[in-house]
Amino acid sequence: MNEQLSHKIQKRINADDITPLPRWRFLLLRGSFWLLTGLSILVGSIAVGTTLFLFADDRRHGLWATPHGVAEFLSMIPFVWLLVLVLCVALGEMSIRHTRQGYRYQLRTIVSLSILLSVIFGSLLNYTGIGRRTHELFRGVPFYRSATYDSRAAWNRPGIGRLAGVVLPAGSDATFSVIDFGGRVWKVRLATSTSGLSVPEASSTVRMSGMFDPASGTFIARSIHVWEREQ
Amino acid sequence: METDQELVAAALGDKQAFSEIVQRYEAPLRRYVRRLGCADENDTDDVLQEIFIKVFKNLNDYDPDMKFSSWLYRIAHNETISLFRKKSVRPGVLTLSAEDAEGFFAQLADEQDFVELAHERDDARRLRDLLADLEPRYREILVLRFLEEKSYTEISDILKIPQGTVATLIARGKQRLRTALEANGMHPL
């Protein structure tokens, strides 16, 4: 039986001229899975970096402290980038499984490690400004714009008591004008109920909380903060 | 006697040397394929041919960090499962001899968490049927552990799953088999 099978196999190998596949093909295949793993960690890190930037940006602009309802609170969470991170972790898991010994690791080990590496590298990337640049890069894409929270737009809502823009010159002790990020000019009056408020310097960019008085067409500012530049 | 690694190196340089590998592993792989549920003799022969041809083609992919036999068993497992899929059939009746059954029970009884089985331990046919009725993933792992007597590391390499999962599947498979044994009147002591 033994010889019979080995004989059959030898005959087939010779007849079909079968040869072992070259080593480079396997190296290339394994290498491509490692490349895919690395790529998924890199893109995952960018997603984390951009998420961190967006969180910091909204916090910097005081939005986390004063969300306008649950819907706005939820919309501040950058789900697009979190989804990208999830996809990258899934891709990383799939590709590491196809490396030589990737199957030896538990799913939770691979997923945790993948998230951990993305968070570490993502924090470093955010520190170097990649998060902001990535956000800026995608800002022009309509889908991205509609799927991510825009803190500039969030401060361009006088109707719910938020207004931001550049202070125009020639104001008085209690009134001034700002031009918002959309180019529209608003009259602003300091609220008499809040002490310590003063008219901000002309040309400075500010964000104000208060209320819009439709009768006079004036925004009544209760608090004024400098609009912190995106870092 | 040449080691497996030496045989692989020889086969890469000389096709004829591959016969040594075939002769060394034909019997264990034939037994394994049949234990996976390939009951038809012609199918077994065909699948064995495919296994060894695949082994030959992929010799350069063999990772010396694992046992050569584990790599062969992996290919054998995959080829046999793919045969079942191609034929759209469930694994057939397991080929389990009385000695197989005896050995299987002895192995199970050696496991600390599995009680020793009583007087009907030689009931090969009933055990074979119960094993065949188990879900494939449990049957495959129990066959590897208790009939092929593979270590957890080897099973991990053969089935390409983590060792922790091997342990979990073995424990669950044993539990299911125990339940099936009891339901069929093969009472543990």
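**Chain B, overall**

I looked up the secondary structure of chain B and found nine helices and zero strands. Helices here are DSSP runs of H or I with at least four residues, strands are runs of E with at least two, and both are numbered from the N terminus. Along the sequence, I read the pattern α-α-α-α-α-α-α-α-α.

I note that this is a predicted model, in which local features need pLDDT of at least 70, side-chain atom pairs count only at pLDDT 80 or more, and totals for chains, interfaces and linings use all residues. Residues are numbered from 1 along each chain as its sequence is written, while chains are lettered from A and ligands numbered from 1 in the order in which they are written.

Next I checked burial. Chain B has 189 residues, and 35% of them are buried. A residue is buried if 20 or more other C-beta atoms lie within 10 Å of its own, exposed if 12 or fewer, and partly exposed in between, with C-beta atoms placed from the backbone.

Then I checked contacts. Two residues are in contact if their C-beta atoms, placed from the backbone, lie within 7 Å. Of the contacts in chain B with a separation of 6 or more, 68% join residues 24 or more positions apart.

**Helix α7 of chain B**

I picked out α7, residues 136-147 of chain B. Its buried residues are Arg139(B), Glu140(B), Ile141(B), Leu142(B), Val143(B), Leu144(B), Arg145(B) and Phe146(B). Just after α7(B), I found Glu149(B) with a positive phi of about 55°.

**Where chain A meets chain B**

I found 19 residues of chain A in contact with 23 residues of chain B. On the chain A side, α1 (2-15) and α2 (23-60) are the elements that give two or more residues. The largest share, eight residues, comes from α1(A). By class, this side of chain A has ten nonpolar, four polar and five charged residues. Ala, Val, Leu, Ile, Met, Phe, Trp, Tyr, Cys and Pro count as nonpolar, Asp, Glu, Lys and Arg as charged, and the others, Gly among them, as polar.

**Domains of chain A**

Chain A is divided into domain 1 (23-151) and domain 2 (155-226). These bounds come from an automatic or database domain assignment. Over C-alpha atoms, the two domain centres are 37 Å apart. Four residues of domain 1 are in contact with four residues of domain 2. On the domain 1 side I count no nonpolar, four polar and no charged residues.

**Thr37(A)**

Thr37(A) is in helix α2 of chain A. Why do I call Thr37(A) buried? Because 22 other C-beta atoms lie within 10 Å of Thr37(A). Beyond its neighbours within four places in sequence, Thr37(A) is in contact with Gly92(A), Ser95(A) and Ile96(A).
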